[in-house]
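Colleague: Please take a close look at a single part of this model and describe how its side chains pair and pack. Give the cut-offs as you go.

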Amino acid sequence: MKLKNLSILLLCVVVDAQRPFYAGKRPIGYPAVSSPATANEYHGQRLPIEANGDINLIKRIEALPVDQQPFWYLNWRQYEDLRNNPQTYSLRPSIFSQN
């Protein structure tokens, strides 16, 4: 009887030790992400992550000359342009597929 109680207690301790109670119920390492339908849009474009949804920050950065704008903002503009206007190339015909 003692061995049974001890094994059950040991099993409970091992299972309980897998995740501390203060760590919460969500998986570790996955941040809470807001839905894309939030106010993270500015003129129909998504805001950069670094702006943290602050539209006023984007307006102040746009008022700066290009050589004084932060690098992350310039990168974001370039990537948004590529996402909105992807560059495509026509495929060259294959000599093996012609009869």
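Modeller: Arg-83 is partly exposed, at 48% relative accessible area (buried is under 20%, exposed over 50%, partly exposed in between; 1.4 Å probe, protein chains only). The model is predicted, so local features need pLDDT of at least 70 and side-chain atom pairs pLDDT 80 or more, while totals for chains, interfaces and linings use all residues. Residues are numbered from 1 along each chain as its sequence is written, and side-chain values use heavy atoms, without hydrogens or water.

Arg-83 meets Glu-80 in a salt bridge of 2.8 Å, N to O (a side-chain nitrogen of Lys or Arg within 4 Å of a carboxyl oxygen of Asp or Glu). Both residues lie in helix H3, three residues apart, or about one helical turn; helices (H or I, at least four residues) and strands (E, at least two) are DSSP runs numbered from the N terminus. Glu-80 is buried, at 4%.

Glu-80 also pairs with Arg-46, at 3.3 Å from N to O. Arg-46 belongs to strand E2 (residues 45–46), so this bridge ties helix H3 to a part 34 residues away in sequence. Arg-46 is partly exposed, at 44%.

Another of them joins Arg-77 and Glu-62, with the closest N and O atoms 3.6 Å apart. Arg-77 is in helix H3 and Glu-62 in helix H2, 15 residues apart. Arg-77 is partly exposed at 34%, and Glu-62 is partly exposed at 32%.

Next, the aromatic residues. Two aromatic pairs are counted; rings of Phe, Tyr and Trp (its six-membered ring) pair if their centres lie within 6.5 Å, with planes under 30 degrees apart called stacked, over 60 edge-to-face and the rest tilted. Trp-72 and Tyr-73 are edge-to-face, at 6.3 Å between centres and 90 degrees between planes. Tyr-73 and Trp-76 have ring centres 5.5 Å apart and planes at 40 degrees, so that pair is tilted. Trp-72, Tyr-73 and Trp-76 form one aromatic cluster. Within it, Trp-72 is partly exposed at 27%, whereas Tyr-73 is buried at 1% and Trp-76 is buried at 9%.
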